Every structure is written in structure tokens, then in C-alpha cells.
Amino acid sequence: MAGQRVCRMHGGKSPQAQTAATRRLAEAVAARTIADVIVTPVDNPLDALAELAAEAVAWKSHLANIVAELRDQYRFTDDKNAENLDARVALFERAMDRCQKYLSDWVRLGYEERKARLDDARALLVATVIQGVLTELGHQVDDESTLTALDRWLPVLDGKSPPAITVAAS
């Protein structure tokens, strides 16, 4: 019998054996599926947490819209006359709990402060590289033309489009 360790004559038909067989078959499917997953290392756990929190908030917002469309029909009575809550409401409540957990972790870990420190360190690194290159090329860092060029090019670090490069004819 599929997933069984015994035949049906030696206990394979018992409810506990069938439950165990179902579990073993599900675990085998999960193991095959997991084997196909490409695992990518997390370079920056803070960014990964931010992405996870953003996805949780987006999922919660999506479910909030679905629950809002239910209006007053989020409870129903089944065929045994028992009152039940629509499963979408339970999903929404679970999503709210998950958001609370991720966002609490975000605050507890000081994400914004750490990100600001990383941004400051990157900015200092970029400034050092720019200053080194300019100095090596014989330019004064505080020269008006250098400052004008920096004002034009630094916004690229914030995702702006780079300015057009003009090449002087020689």
C-alpha cells in the first residue's frame, strides 16, 4: 500500500497506519519539491526582513479588501445550524497578526537606525572614492566646476537618470 510500512493484512488498513501513510507521502512530495528549490543566501538580513514585512503588509491589505467586500456576510450557518466565520476573515486576522510580528521585529531590531548607519557608511565610502579619483586626476575637490559636476552626477545614486555626457571636440 502506498506510503505504508505494512500490508493491509498486518495493520495497513488501520486509521493510524493510513494517517501515517498520508503523512509520509506528503513528506516525500515536500522533499522532492524542496530539492528543486534554488536557495539563495541572504546578503542583508535587514533588507530581507523589510521585503518580508512589505509582502505581509501587501497580503494583509489584499485580504482587507476581500473582507470588506463580504460586507455583513462574513458569518454563515452550516447544515447543522452552527454559526461559522468565513475563512477569509480568519486569513485576514492571521495576516494582521503576522504583520504585527514582522513590524514589531523591525522596530525591536532598530531597522531604521541600522539602515541609516549603513547608508552613512556607504555615503562616506562613495565620497572617499570620488575625492580620491578627483585628487588623482589633479582636480581640486572644492573647485566650482567640480562641485557643479558633483551636483549633476550625485542624484544618480538616488536612482535619477544620469545626465547626458558631452564630449568636447579636440
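Predicted model: local features only at pLDDT ≥ 70, side-chain atom pairs only at ≥ 80, totals over all residues.
Local features were taken at pLDDT of at least 70 and side-chain atom pairs only at pLDDT 80 or more, while totals for chains, interfaces and linings use all residues. Residues are numbered from 1 along each chain as its sequence is written, and side-chain values use heavy atoms, without hydrogens or water.

The chain contains five helices and two strands. These are DSSP runs numbered from the N terminus (helices, H or I, at least four residues; strands, E, at least two). Their order from the N terminus is α-α-β-β-α-α-α. The radius of gyration is 29 Å, well over the 15 Å that the globule rule gives for 170 residues, so the chain is more spread out than a compact globule. This radius is taken over C-alpha atoms, and the rule is 2.2 Å times the number of residues to the power 0.38. Along the principal axes, the C-alpha atoms fill a box of roughly 90 × 50 × 35 Å.

Buried residues make up 16% of the 170 residues. Buried here means under 20% relative accessible area, exposed means over 50%, and partly exposed lies in between (1.4 Å probe, protein chains only). The chain exposes about 13700 Å², of which carbon and sulfur atoms supply 58%. Areas follow the Shrake-Rupley method with a 1.4 Å probe; for residues, only the protein chains shown count as cover. Of the contacts with a separation of 6 or more, 36% join residues 24 or more positions apart. A contact requires heavy atoms within 4.5 Å.

The largest nonpolar core has nine residues: L46, L49, A50, A53, A56, C99, Y102, W106 and Y111. Such a core is a set of buried Ala, Val, Leu, Ile, Met, Phe, Trp, Tyr and Cys residues joined through side-chain atoms within 4.5 Å. Helices α2 (45-70) and α3 each supply at least two residues of this core. The most come from α2, with five. Leaving aside neighbours within four places in sequence, L49 contacts Y102, D105, W106 and L109. A second, separate core has six residues, including L63, V67, V89 and F92.

Five salt bridges were found in the whole structure. The criterion is a side-chain nitrogen of Lys or Arg within 4 Å of a carboxyl oxygen of Asp or Glu. In one of them, R108 meets D105 at 3.0 Å, N to O. The two residues are three apart in helix α3 (residues 87-108), and therefore about one helical turn from each other. R108 is exposed at 60% relative accessible area, whereas D105 is buried at 14%. K101 joins D105 and R108 in a network of salt bridges.

E27 and R23 pair at 3.4 Å, N to O. They lie four residues apart in helix α1 (residues 15-35), about one helical turn. E27 is partly exposed at 45%, as is R23 at 46%. D86 and R88 form another salt bridge, with the closest N and O atoms 2.7 Å apart. D86 is buried at 11%; R88 is partly exposed at 37%.

L125, V129, V133 and L137 form a nonpolar surface patch with about 390 Å² of accessible area together. Patch residues have over 30% relative accessible area and no salt bridge; like charges are joined within 9 Å, and nonpolar side chains (Val, Leu, Ile, Met, Phe, Trp, Tyr) within 5 Å. L137 lies in the loop between α4 (111-136) and α5 (144-153). L137 is exposed, at 59% relative accessible area.
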